[in-house]
Amino acid sequence: MYSMAKDRGDHSEQACKQVDGEMTRFFELFGKRWTGLIVAVLTEQGAYFADLRRAIPGISERMLSDRLTELTTAGLVVREVDAGPPLRVAYRLTDAGKALEPALKELSRWAESHLPSGGEDCPKQFRG
């Protein structure tokens, strides 16, 4: 996860403690709100746009559209248009997107073990 700076021959403390390029690229995409949830929904099965919107409470149509475009550009999601009528757009994971499933399941297990489960577990000052 940390760059060991071997390729550059730079072995200073500063260079060795920098996050590597792979982690940076990953979190540039998955560090954005909603991205992980969209992929998590699609790991179960492909879904139409409206189904994705219903499955992720609080996401706006614009945000869902933006995130799906980013995931498609990254090669993790495929967009398929059903000619209809009515015209419907479905999304499914590519093989690269499907390869994220074990990592997402492990993150879910970690969250179950280490994060509060809901508002009642949160300190009073953090409850909404």
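Modeller: What follows is a conversation about the words used for this structure and the values behind them.

Modeller: This is a predicted model, in which local features need pLDDT of at least 70 and side-chain atom pairs count only at pLDDT 80 or more, while totals for chains, interfaces and linings use all residues. Residues are numbered from 1 along each chain as its sequence is written, and side-chain values use heavy atoms, with hydrogens and water left out.

Colleague: How many helices and strands does the protein chain have, and what makes a stretch a helix or a strand?

Modeller: The protein chain has seven helices and three strands, where a helix is a DSSP run of H or I with at least four residues, a strand is a DSSP run of E with at least two, and both are numbered from the N terminus. Read from the N terminus on, the elements run α-α-α-β-α-α-β-β-α-α.

Colleague: Why is helix 3 called roughly perpendicular to helix 5?

Modeller: The axes of helix 3 (residues 35–44) and helix 5 (residues 61–73) come within 10 Å and cross at roughly 75 degrees. Axes are lines fitted to C-alpha atoms, for helices over the stretch in contact, and the angles run from 0 to 180 degrees between N-to-C directions. Angles under 35 degrees count as roughly parallel, over 145 as roughly antiparallel, 65 to 115 as roughly perpendicular and the rest as oblique, and therefore helix 3 is roughly perpendicular to helix 5.

Colleague: Which residues of helix 3 and helix 5 meet, and what makes that a contact?

Modeller: On the side of helix 3 they are Thr35, Ile38 and Val39, which meet Leu64, Arg67, Leu68 and Leu71 in helix 5, and contact means heavy atoms within 4.5 Å. By class, this contact has five nonpolar, one polar and one charged residues, given that Ala, Val, Leu, Ile, Met, Phe, Trp, Tyr, Cys and Pro count as nonpolar, Asp, Glu, Lys and Arg as charged, and the others, Gly among them, as polar.

Colleague: Why is Trp34 called buried?

Modeller: Buried means under 20% relative accessible area, exposed over 50%, and partly exposed in between, with a 1.4 Å probe and protein chains only. Trp34 has 13% relative accessibility, so Trp34 counts as buried. Trp34 lies in the loop between helix 2 and helix 3, and, not counting residues up to four places away in sequence, Trp34 touches Ile56, Pro57, Gly58, Ile59, Met63 and Arg67. The phi of Trp34 is near 85 degrees, a positive value in a residue other than glycine, whereas most residues other than glycine have a negative phi.

Colleague: What makes a group of residues a nonpolar core, and which residues have the most contacts inside the largest one?

Modeller: A nonpolar core is a set of buried Ala, Val, Leu, Ile, Met, Phe, Trp, Tyr and Cys residues joined through side-chain atoms within 4.5 Å. The largest nonpolar core has 19 residues, and those with the most contacts inside it are Ile38, Leu42 and Val77. At least two residues of this core come from each of helix 2 (21–30), helix 3, helix 5 and strand 3 (88–93). Leu42 touches Ala47, Leu52, Val77, Tyr91 and Leu93, not counting residues up to four places away in sequence.

Colleague: How do you know that Glu70 and Lys32 meet in a salt bridge?

Modeller: A salt bridge is a side-chain nitrogen of Lys or Arg within 4 Å of a carboxyl oxygen of Asp or Glu, and the side chains of Glu70 and Lys32 meet at 3.1 Å, N to O, so the pair is a salt bridge. This pair links distant parts of the chain, with Glu70 in helix 5 and Lys32 in the loop between helix 2 and helix 3, 38 residues apart. A search of the whole structure finds eight salt bridges.

Colleague: How do Asp51 and Arg54 count, as buried, partly exposed or exposed?

Modeller: Asp51 has 31% relative accessibility and so counts as partly exposed, whereas Arg54, at 60%, counts as exposed. Asp51 forms a salt bridge with Arg54, the closest N and O atoms being 2.5 Å apart, and both residues lie in helix 4 (residues 49–55), three residues apart, about one turn of the helix.
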